[in-house]
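Have the sequence and the 3D view open as you read.

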Amino acid sequence: MAPKSERSFSDLIKEHGEKAYNFAFRLSGNEHDAKDLAQGAFVKAYEHFKSYDPSRPFDSWLCRILHNIYLDGVRLYAHGHVVSLDAPAPVEEGDWDELLPAHDPDPTAGLTRREEDELLQKALNSVPVHYRTAVTLCDIEGLSYEQISEIMACPVGTVRSRIHQGRLLIRRAYEELEKGGRKLQ
Amino acid sequence: MSRTSRRISGLLAFSLSLVSRPAFAEAPDPQKLLESALNPPDVAFRGRMMVTHWFGKQTSAEEVEVYHSPPNLNRREFLSPDGAVQRVVVSDGDVEEIRLVRRQRVVSGDAVKSYEKIMKPERELELLLKNYELSVATRTDEVAGRQAWILELKPKVAGKPWQRLWVDREHGLILENKRFLPKRHYAELSRYSRVELSKNLDPRLFELKLASASTAGAGSGLEPDFMTLEELSKATGKMVSFPTELPSGFSFESADYFSVGEQTVLHARYTDGLAVLSLFQTDKPVRLPKGGTATVAPPSTARPSIRLAAIGKVLNWKRGRQYFTLMGDVSVELLQSVSAQLK
Amino acid sequence: MKDHNEHEDNVLLSAYLDGQLTEAERARVEAQLSGCGPCREEVEALRYMKAVLAAAPRRAMPPELLGAIEDAVASRSWTRLIPAALRAPRVFVPAGALAALALVAGLWLGLRRDASQDFIPLEPLMTAHARYTAETLVPQGSLVSSTYSAQLTAQNDEQDQQAD
């Protein structure tokens, strides 16, 4: 069953398009693939509209579809080389000091906003997709842990640890990039 | 047996009516755009490309540093994640050399497209136009800082992959190449992240190290032959019964044979202008991976997965005393419908 | 007192910042923070990262995307009329080529009777196919080079392993 009318679905696209596009952009790291992903998600949402529970937020449902499309076919938007969902996530075992080098109060002073954003996106790209997704949904999209657990189809406890590890990893990558340190693969 | 390769020098094999590459103001004619993309770029450049192969939930990707100098000198350095060069493929349009860096081995053979195939390029293009719908997006897109037209090749029959090419407006260079499986999952993708046009590339980049080649290409498949069915039958002394047409628009293009141990493998190639199918005939069965996964893609290693990702799918059967293996990047249903016709 | 690294509740620090802890957990984390300098520093580092992420600029939806989505959705209502047989097969959905291969492996059963005979390995056939793919009219460029030379490397490795 499709939504009642093309008109109503068109409203949903207008209302949630920006969110879907931004989430897709943070996941894929580029405009090009973000467009493909957002479009794919809306088309799928349209086709499977009958399975949508209207008592739940539409954006969570849409983000879940988008996330699944990303995982299904598009494993490697980040600049990793071999990505497998089954591969154990690379949790760092080092000292906290190593993991969290001392930071200046405002290390980004002097960077333009655009450069800063590029840096951030690079840092996001450099971490495994589970962390990137969890942190993006929480910090950039402002969703609750419950919503994220629905989107990522995992328990809230897992969301919690992914957000935590993710922030640490992104933080470390961000600092290394800022320092123009070694190239992140 | 004489294995006459109808080699002619490089580009002359391409007798397509080649068009010059004007900077189109409006979306160009799809066929003309395709023809312009089929030429090697007319400028020297150096670029960084990411090549990704997908299958299911796994991906293998590698970065390639590409060097091109007209008319057809090419060097591709495949990099490992730490940036080290793993393999180098150098071609002068006539000879192609693959340097396996870790193994310190050089394999050389005939360059891609240095042969005259049995099927004329005009006929291949005709098949492509019959089997695919060509269209060009009305807007250009930017890849690696360059403007590109997007050309789409969409199959008219279900079960075939389709392809999109991002063709540089100015020089016809293929900046991005996406190949999708039928349900629009990616199959393969290559995209330049950087392109630098360059007047002078060091000629040493394209030097072939033939003199020091430690391994010849024999048996590696680097020297394919292009035979008619009669020639194949004569050369191998075997009865061959490959049809000239297969379902879904595939036509016989050429045949070849090679040895695996003491066994002779007959190889018939079919094309629909874009996708290709290989049909092999053997006296002994061909071993498929056990259970379909174990030897094909152990999750811990990336390399073997590449193989299957790009080959597509394999189907085999026995007819009389002969074994047949059909291979191609199409859906299982399509392979089955093709094999049904052959059984 | 426990060393910072021995704190089991470090994983709760982010949830603490996000206000996603139960009362009991929150009390535990606060007690931990009051007695551990590195924990406080870590919370500050996390807070900083959260702030950087929250301040990330939002991108406007590209104007052409809205139209493209609407077109795609509209064409979907049309494609529903296309018979299911023309749609892509399910086999691609879960595990792509592997699932497909598992499927065709079944067809192999007919040949199992000949298990006592020698088999021909699949790899040389795949290499020959990949080499021919490189000759197709529409270049797949580095895609083919990549596959083919990787294929060859793999084959070389295997031969070496057998020789060892």
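Start with helix α6 of chain A, residues 129-140: ten of its twelve residues are buried, so this helix is largely enclosed by the rest of the structure. Buried here means that 20 or more other C-beta atoms, placed from the backbone, lie within 10 Å of a residue's own; 12 or fewer make a residue exposed, and those in between are partly exposed. Helices are DSSP runs of H or I with at least four residues, numbered from the N terminus. The buried set in α6(A) consists of A:V129, A:Y131, A:R132, A:T133, A:A134, A:V135, A:T136, A:L137, A:C138 and A:D139. Just after α6(A), look for A:G142, which takes a positive phi of about 65°.

A word on what you are viewing: this is a predicted model, in which local features need pLDDT of at least 70 and side-chain atom pairs count only at pLDDT 80 or more, while totals for chains, interfaces and linings use all residues. Residues are numbered from 1 along each chain as its sequence is written, and chains are lettered from A and ligands numbered from 1 in the order in which they are written.

Now turn to the meeting of chains A and C, where 37 residues of chain A are in contact with 35 of chain C (C-beta atoms, placed from the backbone, within 7 Å). On the chain A side, α1 (6-28), α2 (31-47), α5 (113-125), α6 and α8 (156-178) each supply at least two residues, and α1(A) gives the most, with ten.

Finally, visit helix α5 of chain B, residues 332-342, whose buried residues are B:V332, B:L334, B:L335, B:V338 and B:S339.

Terms used: Two residues are in contact if their C-beta atoms, placed from the backbone, lie within 7 Å.
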